[in-house]
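Work through the following exercises with the model open. Each task is followed by its solution.

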Amino acid sequence: MSAAARLNVLCGHLNLQSASSSSTLQHEPCSTSRAAPASPPAPGCCSPVLIGGMVMDLQARPAGPSDVHRGGSVPGSVVQSAGGVARNVAEALALLLTSAAGAAGSSGSSTASPPAALPLLVSAVGDDLAGSALLRHWQELGLSTACIAQLHGGATPTVAAVFDMAGELAACVADVSLLEEQLTPQLLRSPPVAAALAAAPIVMLDGNLSPEALQEACRQAAAAGVPVWFEPVSAPKSVRAAALLHRISFVSPNRQELAAMAAALASSSAGAEPGAQVEGSLRSMLPDIAAVLGAGVQHVVLTLGPGGAALCRLEGDGRAVAVCHMPALPAAVLSCSGAGDCLVAGCLFALARGLPAEAALAHGIAASKAAVESVSNVPPSLSASVVMRDAAALLTKQATRLRLPLPSHCCNDCAC
């Protein structure tokens, strides 16, 4: 099969243009002089900046009645789709921002609302078929490729995931070495990236970044007074930010990632498996929560799967952890892929609009409901609609607020 034919097949999976339109995207990272004519303009001032993975996802799901099992194959579907944590969050955030701007523009106000400051993704792909398709898809979404490096001879990050009949991840292999090796501190110091980062209302970093890149991004954000959100991606990658938690405002781990981060801070391990009740689960994880907060993070957004999510912070005297737990919204689950990314996007959307952290968590959970009810990583219909706002308001009313005292030997500057 010719290269053009293979690219046509790939584009078909992504609903992109035919491969007969050759890409003119730049092959040098963040080169403003060689930007593609078809590329949307770079976002304006105060655009949220997201730094991390743009990935080609290969997703396999069984058709039933047999579920996936080790050592054998079952009939099902295998599809390719645009993925990557930072990419998913950026797309979901763009949908929320544009829908909110559109709603404001149609409200009947005589004052024209300014266009939404669309998110800026900082990432890297190869100049292979997958990289070209991902970049073309990004342009078709109306988003800027100005700070996405397309590297000559590079292999675009790819993740192969197998889901079971319940939509849960059964197995996964990730090849994201290009991100770790090429999304360097030098690239983050390039003028377009540095300027966007300094002007951003918030910056999100994902765990696909190398420790050196995370350190550089946190350094620039701290110098500009910009809050940082860290999405761990996985338990092994969550520890990359362990030495930077004092410069991070928000982290969004699941239970395994939280335990890994706490262990990296020389605290005790996760301990016994949490019980069925949310409060019992949170109490069992209190040493790990306290360890991460004690390292300097202002908020831990702990994702609990079907149990919803919890916002955790140290009280002023450092003697207790204040917890705001919100349940998951009822949903007809089709796939859990992308749910965590959409939760982060919903939170960032609310924070970028000046809402407090608890309201941000409610918006995040509302966005994650849309994700699990779709087979896409980012549901195309995701919108900052009245329904979403009502769901967020309901979650805020349903929130359970707890005060979990720390053991007497714990304090603000210990590892608990």
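**Exercise 1.** Which residues of strand 8 are buried, and on which side does each lie?

Solution. Strand 8 spans residues 203-206, with V203 and L205 buried on one side and M204 and D206 buried on the other. Buried means under 20% relative accessible area with a 1.4 Å probe, protein chains only. Strands are DSSP E runs of at least two residues, and helices are H or I runs of at least four, numbered from the N terminus. In a regular strand the side chains alternate between the two faces of the sheet.

This is a predicted model: local features need pLDDT of at least 70, side-chain atom pairs count only at pLDDT 80 or more, and totals for chains, interfaces and linings use all residues. Residues are numbered from 1 along each chain as its sequence is written, and side-chain values use heavy atoms, leaving out hydrogens and water.

**Exercise 2.** Find what pairs with strand 8.

Solution. Strand 1 (residues 49-51) runs parallel to strand 8 and is joined to it by three bridges; pairing requires at least two DSSP bridges. Here I51 stands opposite L205. Strand 9 is also parallel to strand 8, over four bridges, with W229 opposite M204.

**Exercise 3.** Where is D341, and what is the nearest side chain of opposite charge?

Solution. D341 belongs to helix 12 (residues 339-352). D341 is buried without a salt bridge (Lys or Arg side-chain nitrogen within 4 Å of an Asp or Glu carboxyl oxygen).

Conventions:
Buried < 20%, exposed > 50% of the residue type's maximum accessible area, 1.4 Å probe, protein only. Lys, Arg positive; Asp, Glu negative; His and termini not counted.
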